[in-house]
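I have put a few friendly notes together below, so please keep the structure open while you read.

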Amino acid sequence: YYQSYIYDNNLALGMLYKIENGNLVAVQQKKSEATIQQILALFPDAEKEFRDSVETWARLLEAPAPDFLRVGLDIEVASAVATRVPDPQKADDPVVCVALVGSDNEKQLFVLKRQGIAMGSKVLPCDTKVMYFDDEKVLLEKLFEALRDYPFILTFNGDDFDLPYLYNRAKNHFYFQRNQIPIEMGRRTCSFTHGVHIDLYKFFFNRSIQIYAFGNKYRDMTLNAIGTALLDLPKIEFTNPIAELSYSELEEYNLRDSEITLQLTSFNDNLVMKLILAMSKIARMPMEDVTRQGVSRLSLIHISEPT
(Lines give C-alpha, C1' and ligand atoms only; values in the text may rest on other atoms or scores of the structure.)
Protein backbone atom coordinates (compact mmCIF):
# COMPACT_ATOMS: atom_id res chain seq x y z
CA TYR A 1 0.00 0.00 0.00
CA TYR A 2 2.73 2.45 0.85
CA GLN A 3 4.57 1.68 -2.39
CA SER A 4 1.36 2.39 -4.31
CA TYR A 5 1.13 5.70 -2.42
CA ILE A 6 4.69 6.52 -3.51
CA TYR A 7 3.93 5.75 -7.16
CA ASP A 8 0.54 7.47 -7.20
CA ASN A 9 2.03 10.68 -5.80
CA ASN A 10 5.21 10.46 -7.89
CA LEU A 11 7.40 10.84 -4.82
CA ALA A 12 11.18 10.63 -5.12
CA LEU A 13 12.61 8.42 -2.40
CA GLY A 14 15.65 9.77 -0.58
CA MET A 15 14.99 13.38 -1.58
CA LEU A 16 14.15 16.39 0.55
CA TYR A 17 10.54 17.55 0.89
CA LYS A 18 8.81 20.24 2.90
CA ILE A 19 5.19 20.39 3.99
CA GLU A 20 3.09 23.28 2.68
CA ASN A 21 -0.62 23.38 3.49
CA GLY A 22 -0.52 19.69 4.31
CA ASN A 23 1.12 18.75 1.00
CA LEU A 24 4.59 17.40 0.27
CA VAL A 25 6.59 19.82 -1.87
CA ALA A 26 9.97 18.86 -3.34
CA VAL A 27 12.93 21.01 -2.27
CA GLN A 28 15.64 21.72 -4.82
CA GLN A 29 19.07 21.40 -3.23
CA LYS A 30 21.34 24.29 -4.22
CA LYS A 31 24.54 22.28 -3.67
CA SER A 32 23.80 20.06 -6.66
CA GLU A 33 22.08 22.63 -8.91
CA ALA A 34 25.25 23.77 -10.70
CA THR A 35 26.22 20.17 -11.54
CA ILE A 36 22.73 19.44 -12.84
CA GLN A 37 22.87 22.44 -15.18
CA GLN A 38 26.28 21.30 -16.46
CA ILE A 39 24.85 17.86 -17.26
CA LEU A 40 21.84 19.35 -19.08
CA ALA A 41 24.19 21.57 -21.09
CA LEU A 42 25.63 18.42 -22.66
CA PHE A 43 22.30 17.80 -24.44
CA PRO A 44 21.23 21.19 -25.87
CA ASP A 45 19.50 19.74 -28.92
CA ALA A 46 17.89 16.70 -27.31
CA GLU A 47 14.12 16.25 -27.21
CA LYS A 48 12.29 17.57 -24.16
CA GLU A 49 11.31 14.09 -22.99
CA PHE A 50 14.94 13.00 -23.00
CA ARG A 51 16.13 16.17 -21.21
CA ASP A 52 13.40 15.77 -18.59
CA SER A 53 14.56 12.21 -17.96
CA VAL A 54 18.19 13.32 -17.69
CA GLU A 55 17.24 16.08 -15.26
CA THR A 56 15.21 13.67 -13.10
CA TRP A 57 18.08 11.20 -12.79
CA ALA A 58 20.65 13.96 -12.29
CA ARG A 59 18.65 15.41 -9.41
CA LEU A 60 18.27 11.99 -7.82
CA LEU A 61 21.89 10.94 -8.07
CA GLU A 62 23.57 14.32 -7.50
CA ALA A 63 21.62 15.19 -4.36
CA PRO A 64 24.00 15.06 -1.36
CA ALA A 65 23.41 12.26 1.12
CA PRO A 66 22.59 13.38 4.67
CA ASP A 67 24.50 12.05 7.66
CA PHE A 68 21.73 9.85 9.08
CA LEU A 69 21.40 9.80 12.86
CA ARG A 70 21.48 6.09 13.66
CA VAL A 71 22.32 3.57 16.33
CA GLY A 72 23.67 0.02 16.34
CA LEU A 73 21.66 -2.35 18.53
CA ASP A 74 22.72 -5.72 19.90
CA ILE A 75 21.25 -7.83 22.71
CA GLU A 76 22.60 -10.66 24.84
CA VAL A 77 20.36 -13.33 26.37
CA ALA A 78 21.36 -15.70 29.19
CA SER A 79 20.09 -19.06 27.95
CA ALA A 80 19.15 -21.64 30.59
CA VAL A 81 20.97 -24.23 28.44
CA ALA A 82 24.42 -23.03 27.36
CA THR A 83 24.40 -25.00 24.09
CA ARG A 84 20.93 -23.86 23.03
CA VAL A 85 20.15 -20.72 21.04
CA PRO A 86 17.28 -18.86 22.75
CA ASP A 87 13.96 -19.02 20.90
CA PRO A 88 12.88 -15.45 19.97
CA GLN A 89 9.22 -16.49 19.71
CA LYS A 90 9.06 -17.90 23.24
CA ALA A 91 11.63 -15.45 24.68
CA ASP A 92 11.78 -17.43 27.94
CA ASP A 93 15.30 -16.40 28.97
CA PRO A 94 16.22 -12.99 30.41
CA VAL A 95 17.77 -10.20 28.38
CA VAL A 96 20.91 -9.59 30.41
CA CYS A 97 22.64 -6.89 28.38
CA VAL A 98 21.81 -4.53 25.52
CA ALA A 99 24.32 -2.26 23.80
CA LEU A 100 23.53 0.88 21.81
CA VAL A 101 26.30 2.64 19.89
CA GLY A 102 25.13 5.77 18.11
CA SER A 103 26.48 7.86 15.26
CA ASP A 104 26.27 10.75 17.75
CA ASN A 105 29.13 9.06 19.69
CA GLU A 106 26.78 7.88 22.44
CA LYS A 107 27.62 4.46 23.88
CA GLN A 108 25.01 2.96 26.21
CA LEU A 109 24.83 -0.37 28.01
CA PHE A 110 21.71 -1.66 29.76
CA VAL A 111 22.76 -4.42 32.14
CA LEU A 112 20.60 -6.72 34.28
CA LYS A 113 21.93 -7.43 37.77
CA ARG A 114 22.00 -11.12 38.69
CA GLN A 115 23.09 -13.08 41.71
CA GLY A 116 26.53 -14.65 41.66
CA ILE A 117 27.93 -12.57 38.80
CA ALA A 118 31.33 -10.98 39.39
CA MET A 119 32.03 -7.43 38.29
CA GLY A 120 35.17 -8.42 36.36
CA SER A 121 38.26 -6.45 35.42
CA LYS A 122 37.68 -5.49 31.76
CA VAL A 123 37.96 -1.74 31.11
CA LEU A 124 35.39 -0.14 28.82
CA PRO A 125 35.91 3.09 26.85
CA CYS A 126 35.62 6.04 29.23
CA ASP A 127 32.70 7.54 27.29
CA THR A 128 30.50 4.45 27.77
CA LYS A 129 27.39 4.96 29.88
CA VAL A 130 26.63 1.76 31.83
CA MET A 131 23.23 1.43 33.53
CA TYR A 132 22.46 -1.46 35.89
CA PHE A 133 18.92 -2.66 36.58
CA ASP A 134 17.51 -4.93 39.27
CA ASP A 135 14.30 -5.34 37.27
CA GLU A 136 14.35 -6.56 33.65
CA LYS A 137 11.06 -4.82 32.92
CA VAL A 138 12.58 -1.45 33.84
CA LEU A 139 15.60 -2.27 31.68
CA LEU A 140 13.32 -2.82 28.68
CA GLU A 141 11.38 0.38 29.41
CA LYS A 142 14.57 2.46 29.48
CA LEU A 143 15.89 0.72 26.37
CA PHE A 144 12.72 1.50 24.42
CA GLU A 145 12.94 5.14 25.54
CA ALA A 146 16.53 5.37 24.29
CA LEU A 147 15.68 3.79 20.94
CA ARG A 148 13.06 6.45 20.27
CA ASP A 149 15.86 9.04 20.10
CA TYR A 150 17.15 7.51 16.87
CA PRO A 151 15.31 7.60 13.52
CA PHE A 152 17.50 4.77 12.14
CA ILE A 153 18.14 1.52 14.06
CA LEU A 154 20.77 -0.89 12.76
CA THR A 155 20.95 -4.58 13.65
CA PHE A 156 22.71 -7.67 12.38
CA ASN A 157 20.06 -10.38 11.98
CA GLY A 158 17.65 -8.25 13.99
CA ASP A 159 14.68 -9.39 11.89
CA ASP A 160 15.12 -12.97 13.05
CA PHE A 161 16.43 -12.57 16.58
CA ASP A 162 17.04 -9.29 18.41
CA LEU A 163 13.79 -7.48 17.65
CA PRO A 164 11.33 -10.41 17.88
CA TYR A 165 13.04 -11.43 21.12
CA LEU A 166 12.65 -7.95 22.64
CA TYR A 167 9.07 -7.70 21.39
CA ASN A 168 7.96 -11.10 22.72
CA ARG A 169 9.87 -10.72 25.97
CA ALA A 170 8.19 -7.38 26.68
CA LYS A 171 4.72 -8.39 25.49
CA ASN A 172 4.40 -11.95 26.79
CA HIS A 173 6.46 -11.91 29.97
CA PHE A 174 6.05 -8.36 31.27
CA TYR A 175 2.69 -7.57 29.67
CA PHE A 176 3.70 -4.32 28.00
CA GLN A 177 0.87 -2.55 26.23
CA ARG A 178 1.17 -2.31 22.47
CA ASN A 179 1.95 1.43 22.55
CA GLN A 180 4.79 0.82 25.02
CA ILE A 181 6.77 -1.26 22.52
CA PRO A 182 8.32 0.68 19.61
CA ILE A 183 8.80 -2.52 17.58
CA GLU A 184 6.32 -3.68 14.94
CA MET A 185 6.30 -7.35 13.99
CA GLY A 186 5.77 -8.46 10.40
CA ARG A 187 5.69 -11.95 8.96
CA ARG A 188 9.36 -11.94 8.03
CA THR A 189 10.64 -8.51 9.04
CA CYS A 190 10.54 -6.15 12.00
CA SER A 191 10.19 -2.39 11.90
CA PHE A 192 9.88 0.50 14.33
CA THR A 193 6.88 2.68 15.01
CA HIS A 194 9.02 5.83 14.92
CA GLY A 195 11.81 5.12 12.46
CA VAL A 196 13.67 2.89 10.01
CA HIS A 197 15.12 -0.54 10.77
CA ILE A 198 18.02 -1.74 8.63
CA ASP A 199 19.02 -5.37 9.10
CA LEU A 200 22.62 -5.42 7.87
CA TYR A 201 22.72 -9.21 7.73
CA LYS A 202 20.26 -9.16 4.84
CA PHE A 203 22.07 -6.30 3.14
CA PHE A 204 25.50 -7.97 3.22
CA PHE A 205 23.93 -11.34 2.34
CA ASN A 206 23.02 -9.85 -1.05
CA ARG A 207 25.39 -11.52 -3.51
CA SER A 208 25.61 -8.41 -5.70
CA ILE A 209 26.65 -6.34 -2.69
CA GLN A 210 29.15 -8.98 -1.64
CA ILE A 211 30.75 -9.30 -5.09
CA TYR A 212 30.43 -5.92 -6.80
CA ALA A 213 30.43 -3.49 -3.89
CA PHE A 214 33.01 -5.23 -1.70
CA GLY A 215 34.97 -7.42 -4.09
CA ASN A 216 34.30 -10.71 -2.28
CA LYS A 217 36.30 -9.53 0.72
CA TYR A 218 34.08 -11.63 2.97
CA ARG A 219 32.70 -15.10 2.36
CA ASP A 220 30.98 -16.11 5.59
CA MET A 221 27.79 -14.21 6.44
CA THR A 222 28.66 -13.58 10.08
CA LEU A 223 29.25 -10.36 11.97
CA ASN A 224 32.75 -11.56 12.83
CA ALA A 225 33.69 -12.40 9.23
CA ILE A 226 32.30 -9.17 7.75
CA GLY A 227 33.64 -6.97 10.55
CA THR A 228 37.10 -8.50 10.23
CA ALA A 229 37.17 -8.25 6.42
CA LEU A 230 35.84 -4.72 6.04
CA LEU A 231 36.81 -3.04 9.31
CA ASP A 232 39.63 -5.19 10.69
CA LEU A 233 37.44 -5.28 13.80
CA PRO A 234 36.56 -8.85 14.87
CA LYS A 235 34.14 -9.94 17.56
CA ILE A 236 35.56 -10.55 21.03
CA GLU A 237 36.04 -14.25 21.74
CA PHE A 238 35.29 -16.02 25.02
CA THR A 239 34.96 -19.61 26.17
CA ASN A 240 32.34 -19.37 28.90
CA PRO A 241 28.58 -19.20 28.20
CA ILE A 242 26.92 -15.78 28.25
CA ALA A 243 25.24 -16.55 31.58
CA GLU A 244 28.62 -17.15 33.24
CA LEU A 245 30.51 -14.09 32.02
CA SER A 246 31.39 -11.35 34.48
CA TYR A 247 29.62 -8.03 34.02
CA SER A 248 32.63 -6.38 32.42
CA GLU A 249 33.26 -9.32 30.05
CA LEU A 250 29.62 -9.30 28.98
CA GLU A 251 29.62 -5.54 28.53
CA GLU A 252 32.82 -5.57 26.47
CA TYR A 253 31.51 -8.38 24.26
CA ASN A 254 28.09 -6.77 23.73
CA LEU A 255 29.53 -3.31 23.11
CA ARG A 256 31.90 -4.64 20.44
CA ASP A 257 29.04 -6.29 18.52
CA SER A 258 27.05 -3.08 18.49
CA GLU A 259 30.15 -1.08 17.57
CA ILE A 260 30.83 -3.34 14.57
CA THR A 261 27.19 -3.00 13.50
CA LEU A 262 27.39 0.80 13.49
CA GLN A 263 30.84 0.98 11.89
CA LEU A 264 29.73 -1.21 8.99
CA THR A 265 27.62 1.79 7.95
CA SER A 266 30.15 4.52 8.78
CA PHE A 267 33.48 3.32 7.39
CA ASN A 268 34.78 4.89 4.19
CA ASP A 269 32.75 8.08 4.59
CA ASN A 270 29.41 6.37 5.32
CA LEU A 271 29.72 4.25 2.17
CA VAL A 272 27.03 1.71 3.08
CA MET A 273 24.41 4.33 3.99
CA LYS A 274 25.13 6.18 0.73
CA LEU A 275 24.85 2.94 -1.22
CA ILE A 276 21.53 2.06 0.41
CA LEU A 277 20.25 5.58 -0.29
CA ALA A 278 21.28 5.36 -3.96
CA MET A 279 19.55 1.97 -4.31
CA SER A 280 16.44 3.44 -2.71
CA LYS A 281 16.38 6.33 -5.19
CA ILE A 282 16.90 4.11 -8.23
CA ALA A 283 14.36 1.44 -7.22
CA ARG A 284 11.89 4.00 -5.82
CA MET A 285 11.55 1.88 -2.69
CA PRO A 286 12.06 2.75 0.98
CA MET A 287 15.50 2.03 2.43
CA GLU A 288 14.09 -0.74 4.63
CA ASP A 289 12.81 -2.56 1.56
CA VAL A 290 15.87 -2.26 -0.68
CA THR A 291 18.14 -3.73 2.00
CA ARG A 292 15.97 -6.87 2.05
CA GLN A 293 15.77 -7.43 -1.73
CA GLY A 294 18.18 -8.89 -4.27
CA VAL A 295 19.38 -6.51 -6.95
CA SER A 296 17.61 -8.53 -9.68
CA ARG A 297 14.38 -8.21 -7.73
CA LEU A 298 14.87 -4.44 -7.40
CA SER A 299 15.41 -4.14 -11.16
CA LEU A 300 12.22 -6.08 -11.86
CA ILE A 301 10.21 -3.88 -9.49
CA HIS A 302 11.57 -0.68 -11.06
CA ILE A 303 10.95 -1.85 -14.65
CA SER A 304 7.41 -3.00 -13.92
CA GLU A 305 6.32 -0.06 -11.79
CA PRO A 306 2.90 1.39 -12.63
CA THR A 307 2.72 4.46 -14.83
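1. Gly 72 faces Val 101 of strand S4 across the pairing. In this predicted model, S4 covers residues 95-102, and seven bridges hold S3 and S4 together in the antiparallel sense.

2. S3 has another partner as well: strand S7 (residues 152-155) runs parallel to S3, with three bridges between them. Here you can look for Val 71, which stands opposite Ile 153 in S7.

3. How many of the eight residues of strand S3 are buried? Eight of the eight in residues 70-77 are, so the strand is largely enclosed by the rest of the structure.

4. Now for some backbone angles. Most residues other than glycine have a negative phi. Asn 21, which is not a glycine, has a positive phi near 55°. You will find Asn 21 in the loop between strand S1 (17-20) and strand S2 (23-26). Its relative accessibility is 78%, and because exposed means over 50%, Asn 21 counts as exposed.

5. Asn 270 also deserves a glance: its phi is positive, about 60°, although it is not a glycine. This residue is found in helix H9, which spans residues 247-283. Is Asn 270 buried or exposed? At 18% relative accessibility Asn 270 counts as buried, because the cut-off for buried is under 20%.

Note on methods: Residues numbered from 1 in each chain as written. Predicted model: local features only at pLDDT ≥ 70, side-chain atom pairs only at ≥ 80, totals over all residues. Heavy atoms only, no water. Helix = DSSP H or I, 4+ residues; strand = E, 2+ residues; numbered from the N terminus. Buried < 20%, exposed > 50% of the residue type's maximum accessible area, 1.4 Å probe, protein only. Pairing = 2+ DSSP bridges.
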